[in-house]
Amino acid sequence: MRLLIAFLLPWLTFFTIGRPLTGIFCLVLQITLLGWIPATIWAVYALSQYKTEQKIREATGK
């Protein structure tokens with residue numbers, strides 16, 4: 001579900017993973033037509049990093 005959000009509303013992805021300031025910056029980037037593609041790529045990358053961090057936390061028991 002978050003991946004779909006990352007493609008449609010990249011800025012919202014950052015709010016769902018707990019990074020609101022980054023989400024605001026991404027929204028400003030997304031407002032421009034040229035910034036939509038970098039914002040989407042950035043959101044998908046951040047989402048993959050978030051999932052990796054979650055797996056590491058689960059593996060270490062934290």
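Tutor: The model is a predicted one.

Student: What is the order of the elements from the N terminus on?

Tutor: The secondary structure comes to four helices and zero strands. From the N terminus on, the elements therefore can be written with helix symbols alone, given that helices and strands are DSSP runs numbered from that end. The order is α-α-α-α.

Student: What does the C-alpha trace span along its principal axes, and what percentage of the residues is buried?

Tutor: Along the principal axes, the C-alpha trace spans about 40 × 20 × 15 Å. The protein has 62 residues, and the buried share of them is 26%.

Student: Among contacts between residues at least 6 apart in sequence, what percentage joins residues at least 24 apart?

Tutor: The contacts considered are those between residues at least 6 apart in sequence. Of these, the share joining residues at least 24 apart is 45%.

Student: Where does UniProt place the feature "transmembrane region", and what is the helix content there?

Tutor: The unreviewed UniProt entry places this feature at residues 28-47. The end C-alpha atoms of residues 28-47 are 19 Å apart.

Student: How are α3 and α4 oriented relative to each other, and what is the handedness of their crossing?

Tutor: Two packed helices are described by the angle between their axes and the distance between the axes. The axes of α3 and α4 come within 8 Å and cross at roughly 150°. Because angles over 145 degrees count as roughly antiparallel, α3 is roughly antiparallel to α4. The handedness of the crossing is left-handed.

Student: Is Q30 buried or exposed, and which residues does Q30 touch beyond four places away in sequence?

Tutor: Q30 is placed in helix α3, which covers residues 20-31. Its relative accessible area is 6%, so Q30 is buried. Not counting residues up to four places away, Q30 touches L8, L9, P10, W11, G35, W36 and A39.

Student: Why does V28 count as exposed, and how many Å separate the C-alpha atoms of V28 and T40?

Tutor: V28 lies in helix α3. The cut-off for an exposed residue is over 50% relative accessible area, and V28 is exposed because its value is 52%. V28 and T40 are 12 residues apart along the chain, and their C-alpha atoms are separated by 13 Å.

Student: Is T40 buried or exposed, and with which residues is T40 in contact beyond four places in sequence?

Tutor: T40 lies in helix α4, which covers residues 36-60. With a relative accessible area of 10%, T40 is buried. Leaving aside neighbours within four places in sequence, T40 is in contact with A6, F7 and P10.

Student: What is the relative accessibility of A43, and which residues are in contact with A43 beyond four places in sequence?

Tutor: A43 is also found in helix α4. The relative accessibility of A43 is 0%, so A43 counts as buried. Leaving aside neighbours within four places in sequence, A43 is in contact with A6, P10, T13 and F14.

Student: Where does R19 lie, and which residues does R19 touch beyond four places away in sequence?

Tutor: R19 lies in the loop between α2 (10-16) and α3. At 29% relative accessibility, R19 counts as partly exposed. R19 and Q30 are 11 residues apart in sequence and 16 Å apart in space, C-alpha to C-alpha. Not counting residues up to four places away, R19 touches F14, A46 and E53.

Notes
Residues are numbered from 1 along each chain as its sequence is written. This is a predicted model: local features need pLDDT of at least 70, side-chain atom pairs count only at pLDDT 80 or more; totals for chains, interfaces and linings use all residues. Side-chain values use heavy atoms; hydrogens and water are left out. UniProt positions are given in the numbering used here, feature names are shortened, and annotations may be inferred rather than shown by experiment. Helices (H or I, at least four residues) and strands (E, at least two) are DSSP runs, numbered from the N terminus. Buried means under 20% relative accessible area, exposed over 50%, partly exposed in between (1.4 Å probe, protein chains only). Contact means heavy atoms within 4.5 Å. Axes are lines fitted to C-alpha atoms, for helices over the stretch in contact, and angles run from 0 to 180 degrees between N-to-C directions. Angles under 35 degrees count as roughly parallel, over 145 as roughly antiparallel, 65 to 115 as roughly perpendicular and the rest as oblique. A crossing is left-handed if the near helix is turned anticlockwise from the far one by less than a right angle, and right-handed if clockwise.
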